[in-house]
Each structure stands twice: as C-alpha cells, then as structure tokens.
Amino acid sequence: MYFDDIIGDDLWLCNEFTGELLAIDEFNKRHDDKKIATNHAVQFQYPDTRWTHQIYIYHDFAHPKYNQFVGQKAQREHEARIRLK
C-alpha cells in the first residue's frame, strides 16, 4: 500500500494525529484481525530514498491462506547458498 500524504514540510507537519497516519491508526485499533503496518523490508532495501516510509503492508490474519508459506523457491535458494560443502 502506498500513502502519499504522510510526509510534509515545515508548514504541512504531517503526524500520527492527523490525516492518513491517523486513519491507519484508527483502522488498526478497530480491527483485531486486519492491520496496516510499515514495510520495513523496503526501507532496508532502499535506505537512501525518500519514498520507502510511504509503503505499507496490509495483513488479513483471518484470511484462510494467511499462514500459507509463499516463499518456497526463495527459501530453497537461500538454503542452497548457505549449505556447507
């Protein structure tokens, strides 16, 4: 998810008590099984860019496939890289 109005300048002063950040907080408080969270992975992958803190992840913990592992290929590749020979 991309939120464009969570940054501002010294005049705009976006914060967690107004606008989109407040809406995200209110959404998370209203839903026990659905959450919007910061995407820390993209911030780690692109640390010197301005937009990464605007990317969020939506979690639906009640979805029937939420706990289904989707990274089989990546997991196998990672295991192959770290396997001792």
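Modeller: The protein chain has a mean pLDDT of 90, and 100% of its residues reach 70 or more, where pLDDT is the predictor's confidence in each residue, from 0 to 100. This is a predicted model, in which local features need pLDDT of at least 70 and side-chain atom pairs count only at pLDDT 80 or more, while totals for chains, interfaces and linings use all residues. Residues are numbered from 1 along each chain as its sequence is written, and side-chain values use heavy atoms, with hydrogens and water left out.

Biologist: Why is Asn 39 called buried?

Modeller: Buried means under 20% relative accessible area, exposed over 50%, and partly exposed in between, with a 1.4 Å probe and protein chains only. Asn 39 has a relative accessible area of 14%, and therefore it counts as buried. Its place is in the loop between strand S1 (34–38) and helix H2 (40–45), and its side chain reaches the backbone nitrogen of Ala 41 at 3.1 Å.

Biologist: Why is Gln 54 called buried, and what does its side chain meet?

Modeller: Gln 54 lies in the loop between H2 and S2, and its relative accessibility is 5%, so it counts as buried. A polar contact of 3.3 Å joins its side chain to that of Tyr 2, and a polar atom of the Gln 54 side chain lies 3.4 Å from the backbone oxygen of Asp 4. Leaving out residues up to four places away in sequence, Gln 54 touches, among others, Met 1, Phe 3 and Ile 6, where contact means heavy atoms within 4.5 Å.

Biologist: Is Thr 18 buried, exposed or partly exposed?

Modeller: Thr 18, found in the segment before H1, has a relative accessible area of 40%, so it is partly exposed. Thr 18 and Gln 54 are 36 residues apart in sequence and 15 Å apart in space, C-alpha to C-alpha.

Biologist: How do you know that the span of H1 is close to the one expected?

Modeller: The expected span of a helix is 1.5 Å times one less than its number of residues. Helix H1 (residues 19–30) has twelve residues and reaches 17 Å from its first C-alpha to its last, close to the expected 16 Å.

Biologist: What puts the buried residues of H1 on the same side?

Modeller: In H1, the buried residues are Ile 24, Phe 27 and Asn 28. They cover an arc of only 95° around the axis, which puts them on the same side of H1; the arc is that of the directions from the helix axis to the C-beta atoms. What covers these buried residues includes S1 and S2, whereas the face turned away from them carries the exposed residues Gly 19, Lys 29 and Arg 30.

Note on methods. Helix = DSSP H or I, 4+ residues; strand = E, 2+ residues; numbered from the N terminus. Polar contact = N/O pair within 3.5 Å; in protein donor to acceptor, adjacent residues only side chain to side chain.
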